[in-house]
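Please read the following note with the sequence and the structure at hand.

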Amino acid sequence: MPELHSSSVDRAAVEEWIRAHVEPVGPFEVAHERPWATVLRVPLASGVAWFKACAPIQKFEPRLTAELYARWPDRVAEVLGHDEERAWLLLADAGIPIGALGNPPESWLAALPMYAELQRGETAHAREHLQNGVPDLRVSTMPARYEDLLRRDLPLETDEISRLRGFAARFTELCEELATHDMPETIQHDDLHMANLYAQSERLRVLDWGDSSISHPFASLVVTFRFLGEINKLPPSDPWFTRLRDAYLEPWGLGLAGTFALAIRVGTFAHTFAWVRQRDALTGKARRDFDQRFPIVLRRALAQIRD
């Protein structure tokens with residue numbers, strides 16, 4: 001049995017638990033190890049399954065994934081088993097990440113309306129998700145989270161931190177304005193990029209819900225658009241962004257372009273709050289490695305500071 005990220009995980013118990021759900025035909029392999037989770041590849045006669053042991057920071061993920069699969073089996077990975085207390089999850093294979101296909105915008109054009117429908121349906125379960133440990137990033141919580149961010153030792157230059165401080169009052173105003181648009185808050189994946197959207201034949205599925213929160217739904221596209229810019233080199237003026245925005249908004253209704261723009265602006269800061277939560281769970285080298293990437297997220301938020 002491969003080593004897992006946590007010494008508290010009983011490796012023999014993991015193997016026994018996996019075998020209670022599927023019949024492996026070979027040794028398990030570590031697919032990847034991260035501070036927040038370890039994933040094992042489980043070979044099966046029919047293909048492969050994937051076991052995930054979540055760290056405490058993402059303990060809510062197995063239950064959340066199982067609940068989403070129960071209600072939306074055509075757009076999330078098939079759950080073969082989950083253990084809420086031990087934060088274990090066993091998934092059927094979902095194909096390949098669309099990053100392996102070059103992150104085609106056409107895939108997002110198909111996936112985003114389905115994802116929006118899921119979000120709309122999950123508004124009825126938002127409070128239940130919060131009770132079960134999904135992080136609370138509702139718009140009403142964000143001004144306080146912004147103040148908390150300012151108290152942190154952030155990996156930024158002094159002048160950048162000063163700009164953040166100077167924007168605090170305006171950020172509160174933006175949150176208050178966004179709240180007046182009266183959109184229901186719901187599950188927000190917050191890591192919706194090319195490594196978490198999988199293709200299998202004609203079917204697209206969203207995986208890896210461990211960064212999710214209950215928040216403004218439109219903020220989901222902060223990450224999607226970031227990767228289309230960074231990986232596909234699409235400039236901000238590229239027509240794909242408008243096309244994808246409109247496809248995503250179609251299930252929500254008409255006349256929401258202004259709400260979307262405001263939600264993206266606020267959501268870019270909300271994304272930094274989610275990263276702070278992950279950072280708080282890290283120590284030593286893991287935290288130093290994290291802080292190599294954290295400034296990228298912070299500076300994308302800084303770019304939203306205007307007027």
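1. Two strands pair if DSSP finds at least two bridges between them; strands (E, at least two residues) and helices (H or I, at least four) are DSSP runs, numbered from the N terminus. The model is predicted, so local features need pLDDT of at least 70 and side-chain atom pairs count only at pLDDT 80 or more, while totals for chains, interfaces and linings use all residues. Residues are numbered from 1 along each chain as its sequence is written, and side-chain values use heavy atoms, with hydrogens and water left out.

2. Strands β1 (residues 29-34) and β2 (residues 37-44) are paired in the antiparallel sense over five bridges. Arg34 has Ala37 in β2 as its bridge partner, and a hairpin of two residues joins β1 to β2.

3. There are 20 aromatic pairs (rings of Phe, Tyr and Trp, the last by its six-membered ring, with centres within 6.5 Å; planes under 30 degrees apart are stacked, over 60 edge-to-face, the rest tilted). Tyr146 and Phe269 form a tilted pair because their ring centres are 5.7 Å apart and their planes meet at 50°. This pair links distant parts of the chain, as Tyr146 in helix α5 (residues 142-150) and Phe269 in helix α10 (residues 257-280) are 123 residues apart.

4. Is Tyr146 buried or exposed? Tyr146 is buried, with a relative accessible area of 1% (buried is under 20%, exposed over 50%, partly exposed in between, with a 1.4 Å probe and protein chains only). Phe269 is likewise buried, at 1% relative accessibility.
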